[in-house]
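Look at the structure first, then read the points below.

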Amino acid sequence: MTPTIALWWYLLVAAALFSIGLFGALSRRNAVGVLMGIELMLNGANVNAVAFWRYTGPSSGGGLTGMDGQVFAIMVIALAAAEAAVGLALIISIYRSQQTVLLEDFTSLHG
Amino acid sequence: MFDIASLAANAWLVPLFTALAFVTILIQIWTGRGGRSSAWVAIAGVGASGLYSVVVFLATLGGRAEALSHAPAMSRRLDWLPLGAGQLSFGILIDPLGAATLAMVGIACLMIFIYASAYMAGEFTLYTDPTTGAVDAAVGRARYARFFAYVSLFATGMFGFVLSSNLVQALLFWEIMGLCSFLLIGFWNFKPSAAQAAKKAFMTTRIGDMGLFIGIMMLFAFLGTTDYDTLMKPASLARLQGIGSIDGWLGGMLGHAVHVPLGSLSVAALVAICLFGGSVGKSAQFPLHVWLPDAMEGPTPVSAMIHAATMVSAGVFLIARLYPIFSSATVDHPDMISGPMYAVAAVGALTALLAATIGMAQYDIKRVLAYSTISQLGYMVMALGIGAYVAAVFHLLTHAFFKALLFLGSGSVIHGVEHGMHEAHEGHGHDQGHAAHPAHPSTILGVADADPHDPQDMRNMGGLGKRMPLTYATFLAGTLALTGIPVFSGFWSKDEILADAFHKMGDGHWIAALVWVLGTAAAFVTAFYMARQVFMVFAGPPATSGAAKAPESAPAMVYPLVVLSLFAVFLGLVGVPTAFPLIGAWLGGNPFHHYMGHLLSGGSFESHAFNALPALASIGAAASGWGLGYAMYGRRPAAARSTDPLASVIGVPLFRLLYRKYYVDELYQATVIRGSVALSNFDSWLDRTAIDGAVNGAGWIGERSSRVNNWIDSRVVDGTVALVAAVSGEMSRWMRWLQSGRIQQYLLLAFFGVLIFLAMNVL
């Protein structure tokens, strides 16, 4: 059974998601916003993984077997959750000490 | 059971007692407790030693000496230093010679210590604080204690030397004595003359000791041992003789024939002469006699003990101890005269006469006795040189007692005159009239006038016989013994030497003739100068107010004199020849000869038939000496004190020659001392210019090359290092802007980086 929608639509959506996320991560002043951008980039990658699995996987008669596309996606979602938790914890901790969440204030690592 | 022989086997206790006293007094000084008690400690130590030494002596009596010296206890050795095939060890050796000398030293030292405890009491008030001028009692007490520490150590040295069983051990104690002699001559080291005399004594004896040391090393090299017992075995002596002449010995070592001066002498003779060198230094024989008169700078008990009775006898004792080596060419007949003994006899005879003649023209009471000591030591040495071994040892023993007596007596006189001068000085006010004895105008050119404040100058004395009766009586006894007046001890011993010489002269030995002639002449001179001394000191009216007020000395000083005078009078009776008229047989037939007449090498001495001629000659010499002395000094003693009659008899130049001691000191000053000073100056110059120049040059070169190094280091090496640092610093400063700390910037860079990689992949 071949999907009715062509693969490049999915890839377009994934690229859009990734680009929006990248823009957010690079441009947001608020650290929480940056985190959210990162989530979008990860999810863009997820869409790619699942789409390629669906179009080139076993159901399509390709070389891949099993559920690996979906497993990749789930692994990335779990990783993103962990990342968000750690990132938020860091942000809260920094806020407690610096009273700010603006990234341009976090320059104590400058050379 | 009271076993005297086993007591004697522990004779090492004898030096131990005095050594303990020495250590105790040292502790007393260090803890600030020295003082009167130190004298008691020293007397107790030497008393115990003296008692034990008499016990040892008694144990050897009655022919037991031979058995005793072979007792197992005697051969105990304390191993000290393994050396090649041999072994240096400590041990004791007791034979008649050692035992008799030990007893003599013990008794004489005890008497002298008791005497010194009173004599040295002046120390307590001698030292004053330089700032306040008050008497510094603490220093005085410490110095008094130090004196007794020194003399105790000295007694240890002498006891140890006499008891030593080998030459190295003997040398050790010999040098302890040398050290104590140095310390005690210079005891009043604040006097430049005393410090000078101490130095002189030490360095002069060192010359002789060098010979002794070389001799010991040669013996060790040839025979592999320094043990007396082994050395004196006839087999060892034969081996020593077997080496042959010096030329042959050197030639054998070098591999080709050599001829050196005196090379035809045997090596055994060379060894003996080297060993004799030690005796010449220690016993003040010509030409090393110059230190002994100067040694009189020390306190009088020291003069008595070290420089009359004991230490100076050590040199004679050494020859006696090593006698078999001297006579090794004729082992079986020890009283034959062989090679090296000619040198010994000649040196002794020359010393005996020269020193006696110098003694005629001295004014210092102790110096007269010092020259007399040298002269008497010369007697002993020349006696050994002609094989009169027993007579020499006999004279050694009798001389020790009467010379100690004379020195202590002179000390008593000096003490008295000093007190008298002090008293006269105190009461100067009313005494002005006759205290002003003018300085005697000297009529003798080149001879110093008497210093009226010198308590030792005989010209300041006179009349002391009445002021100090006990001192006078004992001094007279000692003088009669020294001058060889019959019955007194010196007569018997001196007469035995001269009789032996006379006997050998009959056998045709020219050296014995020399010894007899010079010895008899010296006996005459001895009697003369001793008569001069007695008359100048004790007879006539007092020459100064000091002599007029001199009191008799303290009992602790006088009673030792009495004890010693008993020995001086009676000791000779043990050695009266059997054939002597009237008393010879009655006195046991010369027991001393029977006791002493055996050697370690096994030979023994026979006593000669009594000959009246030498005895009469020596009595005649002594009597005429006394007679001449009385004629010149005894009849008008006051006049004799102001103008020495001897000068008018023998002429002023000759008198001056004697007064200046044959100019030997001046000769040494001009040659040896000036020479070594010049050599030192040259060395110093060489050191300052050549050696220092080389050292400074090396330093200069080092400094210059260091400067070059420094330039290279600071410019090249440091420059390189600084350049590296500067480059990395600049780069870092330039790279800093990348590290802005802004996360989003990093992220952007990372993104562009990924893009670039992707682009590179695609293109």
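Ala, Val, Leu, Ile, Met, Phe, Trp, Tyr, Cys and Pro count as nonpolar, Asp, Glu, Lys and Arg as charged, and the others, Gly among them, as polar. The model is predicted: local features need pLDDT of at least 70, side-chain atom pairs count only at pLDDT 80 or more, and totals for chains, interfaces and linings use all residues. Residues are numbered from 1 along each chain as its sequence is written, chains are lettered from A in the order written, and side-chain values use heavy atoms, without hydrogens and water.

**Second largest pocket**
- The lining of the second largest pocket divides into nine nonpolar, five polar and five charged residues.
- The pocket holds about 620 Å³ of space.
- It is lined by 19 residues; Lys200(B), Met203(B), Thr204(B), Val672(B) and Ile673(B) are the closest to its centre.
- α8(B) gives the most to this lining, with eight residues.

**α6(B) and α14(B)**
- Helix α6 (residues 137–163) and helix α14 (residues 300–309) of chain B pack at about 5°, axes 11 Å apart.
- They are therefore roughly parallel (angles under 35 degrees).
- Phe147(B), Val151(B) and Phe154(B) of α6(B) meet Pro301(B), Val302(B), Met305(B) and Ile306(B) of α14(B) in the contact (heavy atoms within 4.5 Å).
- The residues of this contact are seven nonpolar, no polar and no charged.

**α22(B) and α26(B)**
- Helix α22 (residues 469–482) and helix α26 (residues 555–570) of chain B cross at roughly 25°, and their axes come within 9 Å.
- That makes α22(B) roughly parallel to α26(B).
- Their contact has eight nonpolar, three polar and no charged residues.

Key. Axes fitted to C-alpha atoms, helices over the stretch in contact; angles between N-to-C directions. Helix = DSSP H or I, 4+ residues; strand = E, 2+ residues; numbered from the N terminus. Parallel < 35°, antiparallel > 145°, perpendicular 65-115°, else oblique. 1 Å grid on protein atoms, 1.4 Å probe; cavity = no way out; pocket = protein on both sides within 12 Å on 5 of 7 lines; lining within 4 Å. Points joined across faces, edges and corners; volume = space filled by probe spheres on them.
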